[in-house]
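This report describes a protein model, moving from its overall features to selected contacts. The sequence and the structure are shown first.

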Amino acid sequence: MADFDIPAYRTIKIIPKPVEGTMAHVKPYFAKPEHQEALGFPGEKPENWKQIAIDKLGEIVKKYKSVALFMDICVKCGSCTDKCHYYIGTSDAKNMPVARQDLLRKVYRRYFTFAGKYFPWLVGAVDLTEEIIDEWYVYYHQCSQCRRCSVFCPYGIDTAEISMAAREILDAIGIGQKYCNEILGKAQKIGNNLGLPGPALENTLEGLEEDIEDETGVVVKMPLDVKGADILLVTPSADFFAEPHIDGLIGYAKVFHAAGASWTMSTYASEAGNFGMFIGNYANTQKLTMRIRKAALDLGVKRLVFGECGHAWRVAYSFMNTMAGPFDFLDPKYPVPEHICEYTNNLIEAGKLNLDPSLNDDMVLTFHDSCNIARGSRMGKKAGGQFEIPRAVIKAVCNNYVDMPHDTIKEVTFCCGGGGGLLTDDIMEVRVKGALPRMEALDEVTREHGVTHMAAICAICKSQFTKVIPYYGFSMDQIVSIHQLVSNAIILDGQQTESTTEPDKKSAD
Amino acid sequence: MTFIIAGFYYIAFIIFVGGVLLKIKQYWTTPAPIKIPTTPAPTTRLGVLYRMGKEIIVFESLFKSNKWIWIFGWLFHFGMFAVLFRHLRYFLDPVPVIVVMMQPLKYAAFAMLIGLSGLLFRRIFVARIRYISDPSDILMLILMLGIGISGTMMTFFGNVDIVATKSFFIGILTFNFQPFPTHPMLLIHLILVAVLMLIFPFSKLLHAPGIFFSPTRNQVDNAREKRHIAPWAAKLDKTRSV
């Protein structure tokens, strides 16, 4: 199944001993020159790459307080060393968050600090060389920017910030990662990460409408580019074709239908995900975010709702207002943007949805908190709403729910192993090994509480899990979307349900 | 001797204060172009004060992370703060009542030494921490231990002329130089402290002022309500089409 060893579950959660270089051989494919150039990066490594890289580092330190500070203030206390899922899964010393940061920090010290310039041996400062660039490429693509380390750092040092900075420097010298940069190009040119053109989207949505009608007997619309609709739904493009994402999309449509909402999707902004963040590039992130603003303006909508996606929600929640705001042309009664779980939960609390949780009785659920939602955003009015609201939705539509161990969820949730631009098959080994801590937690609740399914709330988590859990002995259909569960349990007006034929149906009395 | 020590202290003091101020200026003025608080984060300024207070006083994040580092780190830092507070008696005349009352704080020196020893032990014997340590990380602990041990020796076993030491320091502060009371332990103690001041602005010791500027900790979670535009990002904004 794989040409590498699948890590075994740790019966006691022992932290592995650091071994240098166990993952040095795994690096993602390089972006082609045309992909680089489309994003405004050089297509190939220039002659004076070293100077460009150092200048870029200097520029980033001037532009970002986070990087400026984090380069200086780490005291190497070791608090983060055992917190990264990639370190736990690979034992590679350079996958310890502080060691990963040090790959950049040792160069920063050499060129930008007094100590590093005059006493490099004392502070571990080194010259920038080809080997260092190679190390950056390898290890900054073994970080999913999940921010778990930043929770535990006494100064809040966030390796994601460092990792984004490093990728930005690499891009500036023509060394891009194929997966991220090719996708960014597609999203900017066509409107979504998958490069699905308008007609293909339309086709897919029509097919889904038919499926819903066949299943429920109710005509549920999946509107596209409807001018004057109230709500613009922006969702990750994986929702249009991948499993179990697409069942989530059906769920959103049913919820909108049940609420009697006027809504639409957009072909121009048919992507919630924003890979600009992964490569740490403000301009590219902003450019993609602006597509959503433009779509909202062109369609004349009043509200913006985002589908289930982790880093998309971080960009939408935390960056969109800053990068593409102000959204004063939208209805001020609603937050901009809203998460689909906020939207659905409000309807549930108002009693506006007809739900029968027993329709999910064939499952025992647990929930995987996505890292970018857990540690990079919020839902609802209160801090921590991002943990409560998805669980409230699940519990309203399922009778059997169990949390995974407390040290693996909510604020300290483990990444799925495929976030941050790593969801590409050329680094499968990183993805499988990085999933170890989550798989251990899932295994525990499976054994102790008979959990059968894990709900996820992010397109990347869903894709990553369906791909890697078979390596750990689970099956891919054990991963479900939250709105897939909603879809199962919701009873639309006029719906012919299976229970119509059951004897306990009221009309039969 | 008096003038060498006094001169050394003036230089160390200028570099320490000047260097730290320059770094604070850098941290203060470098923009944070987007909202990146590690969430769940407070939604109000007051909430942020509470969060920062917990970080600084009880090392909350470290507590969540690792109880050993936390206990040694906390003993060291708060032992040191207590000892520093007690040091006011060597600079202030008359000694304020509160400082006199806090005389038992001299035992805090042992907390500081235990904390430092624990951290040094971990740095050497825990493989993960050994891997991430540079020579400077070890030397820094040894330097602090040197300061702590020499100070403790004087307080508990020494025969240092405290009155003369105090007038020497007040002399430095008031440019009215008094003879340096030559005592090997005091000489070691003072030289190490001056070295610490000298390296402060060039080292990881910047974590002390730095923590207050950490955007993942000091930002309010209000990104949906407020825009948060850095000056350089505002220029990009102007190129927007809609």
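Phe114(A) counts as partly exposed because its relative accessibility is 43%; buried means under 20% relative accessible area, exposed over 50%, and partly exposed in between, with a 1.4 Å probe and protein chains only. Phe114(A) is placed in helix H6 (residues 114-118) of chain A. Helices (H or I, at least four residues) and strands (E, at least two) are DSSP runs, numbered from the N terminus.

Together with Tyr118(A), Phe119(A), Trp121(A) and Phe202(B), Phe114(A) makes a nonpolar surface patch of about 590 Å². Patches are made of residues with over 30% relative accessible area and no salt bridge; like charges are joined within 9 Å, and nonpolar side chains (Val, Leu, Ile, Met, Phe, Trp, Tyr) within 5 Å. Accessible areas come from the Shrake-Rupley method with a 1.4 Å probe, and for residues only the protein chains shown count as cover.

## Basis of the model

The model is predicted: local features need pLDDT of at least 70, side-chain atom pairs count only at pLDDT 80 or more, and totals for chains, interfaces and linings use all residues. Residues are numbered from 1 along each chain as its sequence is written, chains are lettered from A and ligands numbered from 1 in the order in which they are written, and side-chain values use heavy atoms, with hydrogens and water left out.

## Strand E3 of chain A

Strand E3 (residues 303-306) of chain A is covered on both faces: Arg303(A) and Val305(A) are buried on one side, Leu304(A) and Phe306(A) on the other. Strand E1 (residues 231-234) of chain A runs parallel to E3(A) and is joined to it by 4 bridges; two strands pair if DSSP finds at least two bridges between them. Ile231(A) has Arg303(A) as its bridge partner in E3(A).

E3(A) also pairs in the parallel sense with strand E4 (residues 338-339) of chain A, over 2 bridges, and there Phe306(A) stands opposite His339(A). With helix H15 (residues 310-324) of chain A, E3(A) and E4(A) make a right-handed β-α-β unit. A crossover is right-handed if, with the strands pointing away from the viewer, the path from the first strand over the helix to the second runs clockwise.

## Chain B

Chain B contains 13 helices and 0 strands. Its C-alpha trace spans about 75 × 40 × 40 Å along the principal axes. Of its 242 residues, 49% count as buried. Chain B exposes about 12,300 Å², of which carbon and sulfur atoms supply 76%.

Among contacts in chain B with a separation of 6 or more, 71% come from residues 24 or more positions apart; contact means heavy atoms within 4.5 Å.

## Salt bridges

Over all chains the structure holds 40 salt bridges, each a side-chain nitrogen of Lys or Arg within 4 Å of a carboxyl oxygen of Asp or Glu. In one of them, the closest N and O atoms of Glu135(A) and Lys94(A) are 2.5 Å apart. This pair links distant parts of the chain, 41 residues apart: Glu135(A) is in helix H8 (residues 130-139) of chain A, and Lys94(A) is in the loop between helix H4 (85-90) and helix H5 (97-112) of chain A. Both residues are buried.

Glu135(A) forms a salt bridge with Lys106(A) as well, at 3.5 Å between the closest N and O atoms. Lys106(A) lies in helix H5 and Glu135(A) in helix H8 of chain A, so this pair ties together parts 29 residues apart in sequence. Salt bridges that share partners join Lys76(A), Asp102(A), Arg105(A), Arg109(A) and Asp134(B) into one network.
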